[in-house]
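Here is a set of questions and answers on a pair of chains, meant to be read alongside the coordinates. Please look at the sequence and the structure first.

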Amino acid sequence: MRSTVAQPAPRGVAALGLLVALGGGLYGAAFWLTVDEGPSAEAIAEAAKPILDGHRAGDLILVVPHFATRVYEHVGHLGPLAVKAPLREDLDGHQRIWVFGIFGDGEPLVDALTARGLELAERFTTPAGTTVALLNNPGANTIRYDFLARLRDAKVFHEKNGTRTACSEWTSGRGGAGRWQCPYDKDWFYVAPEYHLMGDHSRLCLWAHPPGEGRLIVEYPRVPLAGRLYGRAGHTLNGSLNARAPIDLDVAFDGGPPQRFVFELEDYFEPFYVRTATAGTATVSFAISTVDAGVNHFCFTADIRTAEELAP
Amino acid sequence: MKNVKTIHIVWLIALAYVAVLWSTASSVGFTRDEGYYFKAAQEYSGWWGVLFSSRFFDAFTATEIAKHFSYNTEHPPLVKLCQGITYHVFSEWLGVTSPSTGFRVTGFLFGGFSLVATYLLAKELVDERTGVLAALFMAVMPRYFFDAHLACFDVPITAMWTFSIYMFVRALRAPRGQVWRRAIQCGVVFGLALATKLNALFLPFVFILLWLIEPPDPLAPRLVRAPLGGTDVRLPRVPIVLWTCAIIGPLVFIATWPHLWHDTFGRINAYLLFHMHHEHYPALYLGDLLIKPPFPWHFPVVMTFYTVPAPIVLLGALGLLRALVAFVRRRNLADGLLLVGVALPVFLIAMPDTPIFGGVKHWYNALPALSILAARALWGSLDAFDFGSRPAIAYTIAALTVVPGALAIQHSHPNGIGFYNELAGGYVGAARIGMQRGFWGGLAYPLYPTLNERTVGPTRVFFNRTNYDSYKMYRREDVFERRFHYANEPRGAQVAVDFAQPEHAEQQGAIWSWVGTRPVAGVYQDNVTLIQLYVKGQSNAPPP
């Protein structure tokens, strides 16, 4: 029993075959002959100039689409953000927001931001295929106190079974930044500003790995209050994929009852906030704990800001 | 077309393929595994020096074998032995290639041979024109083209897998006078396939299935009169080729691997166990970073759909459906073989407990059957509308199905490892839907020659996914100056390479913390970021 050889097709199937061959061939050829490679390196350099010239401290630079980060070669030192969901960012923490876009992604983002109440300050003339715009944020908050920047002022403890072990050694951490080192598990048991991949972007945040037992407490004295404590926190991508338990973050003022925030494994840079008094000072503590510390890489940022309304 | 002409055409295509691979190889960076295989091939090749010397008998001692074959025992030796030979011939003796290209020539040759093997199988199962078109389809697959440059095993096993099946079918169908000769040939080829890569261990499943589909003798047990009276039950006769594969195959496998000449069974066991507990290769897939099983069953299906040029994958899908219908209607070897030829490699990866293999290369051995199905579907469609009487139109349409792949290769080289087809929207479209952009550390190569101008004095470089053995080969070939040293982590490095691979992206945070946040250069494909380079002192400051 020898097998069949060529298969003459029924007319209907044959027509489909020809359609696939012609359609696929023509479409494929046309696609690769006209594929949009985006702007040239020179065009991107040129388009980045308005940002380089006009950037001020505290400005936010949003880069879209998230996978096209060549512009970082020009503005990477200014902390740009190329994320999948730019509207989920802390827009209210910035007075001015830059948009840099290619592949036609810039304009829709500008439109979305203006729909959120931001005002288009300037749309720059840049090479074809690029979009650069500056928006003012009239509803922006004023940051009064940045916990990350003031880490040196904090006291760090490991609290376990009612006792506190001070993490009081101030040592040099990544990139020369300081860190509060706990006396054991020195590889990971410390608090320090570091860049970590939080979801789809590396962020500068306070590394604060929960201990195997008890709580890691980061306590800031004499924090000026201004209405809100706002922060972002969650698992690093590595922790999100490999850890086994959520993390509890307790925020307390002057030793009062804490406000608890629970960060599930899939939460990577989720916002949290607490209402505070609008004047005076307080000791603010962040307590980090979990029932399973294995690979539970946690990082957070927080600030005190004046704000009447916060983005959801 | 006369047979002699088509085979000549296919050899010409294969030759041209090898020539293109050879001429474009210098722009392809060393992938992670290549570093290991360069080292292994060089070590293995030292054994030839002992074998062909006055120390001939020493070559068989456990000590001498351990000296040359103890490294990289997780993969069989054939390709590495060949790499050692091509390295010595083309780089050391003739001096016509760099050392790395010398090792890679083996891959080019297997790449060309895979086209010929595809043609031969298609010719055996369908006809010659299908074979020619299928060989062309294989030649214009951008990811396959990329991998055919490498000193790795995936393209060689595709060639040997396909050639083994071809030899088996020929042996199964052998006329009486040639049964033994073809069976022995098949046993040897199967043994060489076993010596190429692990995938060949699954060939017996294909062989047995083919026997069951097209048995030379009836399969059903029969009652026959016994020679001395009474009745015997005659069991189905197992074809000789299955016996030769079962006996000669393993013997050839062991014979080609000196490592197995001592403690044979223990070492074969260790080889198999390694792969049963293989590490997982994470992959970004439709926005999800997959790091542990179970993998989505559709992973290899979707990846094939998005990485094989559109006309080929669509015609292949049509051909697959037609083969399925035809096989259900009437069991036959050609359809059965082509179905299983596509389905088995994909199925093995799709199984939920299979260690995660992120790259499409792990089921490349499905591509020849897919190409044959695609080519058969096209010719079948053309025949149905009687284009046979207008060959110019038929050949034009056939050529049109090859063009997108050829253009895509031209567009994607040397970044073909992260290629996505026009159905995915190319590199940009794939990045939008959250697909892996690259892996194995080779994409950073264009940046390495520029290190010489970017820094002065002794410099520690965090090469990240480019491994130490690849670094050593770059150094050996003077890609960068000798003052560059390999750093295992960003801490303390003056230069760091960041790969756009989320599974290793924790390194980006360390690079940003230690070196700076502004890349000074990068590798981009259609403006999709693949690699970025950071230099201390420059990356935390504005551009000059």
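Q: Is A:Arg222 buried or exposed, given its count of C-beta neighbours inside 10 Å?
A: The model is predicted, so local features need pLDDT of at least 70 and side-chain atom pairs count only at pLDDT 80 or more, while totals for chains, interfaces and linings use all residues. Residues are numbered from 1 along each chain as its sequence is written, and chains are lettered from A and ligands numbered from 1 in the order in which they are written. A:Arg222 lies in strand β12 (residues 215-224) of chain A, where helices (H or I, at least four residues) and strands (E, at least two) are DSSP runs numbered from the N terminus. A residue is buried if 20 or more other C-beta atoms, placed from the backbone, lie within 10 Å of its own, exposed if 12 or fewer, and partly exposed in between; because A:Arg222 has 11 such neighbours, it counts as exposed.

Q: What is the phi of B:Asp526?
A: B:Asp526 is found in the loop between β8 and β9 of chain B, and with 18 other C-beta atoms within 10 Å it is partly exposed. Its phi is positive although the residue is other than glycine, with a value near 55 degrees.

Q: In which sense do β8(B) and strand β9 of chain B pair?
A: An open sheet of 5 strands in chain B has the order β6-β5-β7-β9-β8, with mixed pairing, and two strands pair if DSSP finds at least two bridges between them. β6 (484-487) and β8 (521-525) stand at the edges with a single partner strand each, so one side of each is left without a neighbour in the sheet. One bridge links B:Tyr524 to B:Thr529 in β9(B). Over 5 bridges, β8(B) and β9 (residues 528-535) pair in a sense that is antiparallel.

Q: How are α2(B) and α20(B) oriented to each other?
A: The axes of α2 (residues 32-51) and α20 (residues 468-476) of chain B come within 7 Å and cross at roughly 70 degrees, where axes are lines fitted to C-alpha atoms, for helices over the stretch in contact, and angles run from 0 to 180 degrees between N-to-C directions. Angles under 35 degrees count as roughly parallel, over 145 as roughly antiparallel, 65 to 115 as roughly perpendicular and the rest as oblique. The helices α2(B) and α20(B) are therefore roughly perpendicular.

Q: Which element supplies the largest share of the side of chain A that touches chain B?
A: The contact takes 55 residues from chain A and 66 residues from chain B, two residues being in contact if their C-beta atoms, placed from the backbone, lie within 7 Å. Among the elements of chain A that each supply at least two residues to this side are α3 (72-75) and β10 (190-198). The largest share, 18 residues, comes from α1(A).

Q: Where is the cis proline A:Pro65 found?
A: The peptide bond from A:Val64 to A:Pro65 is cis, with omega near -5 degrees. A:Pro65 is found in the loop between β1 (60-64) and α3 of chain A.
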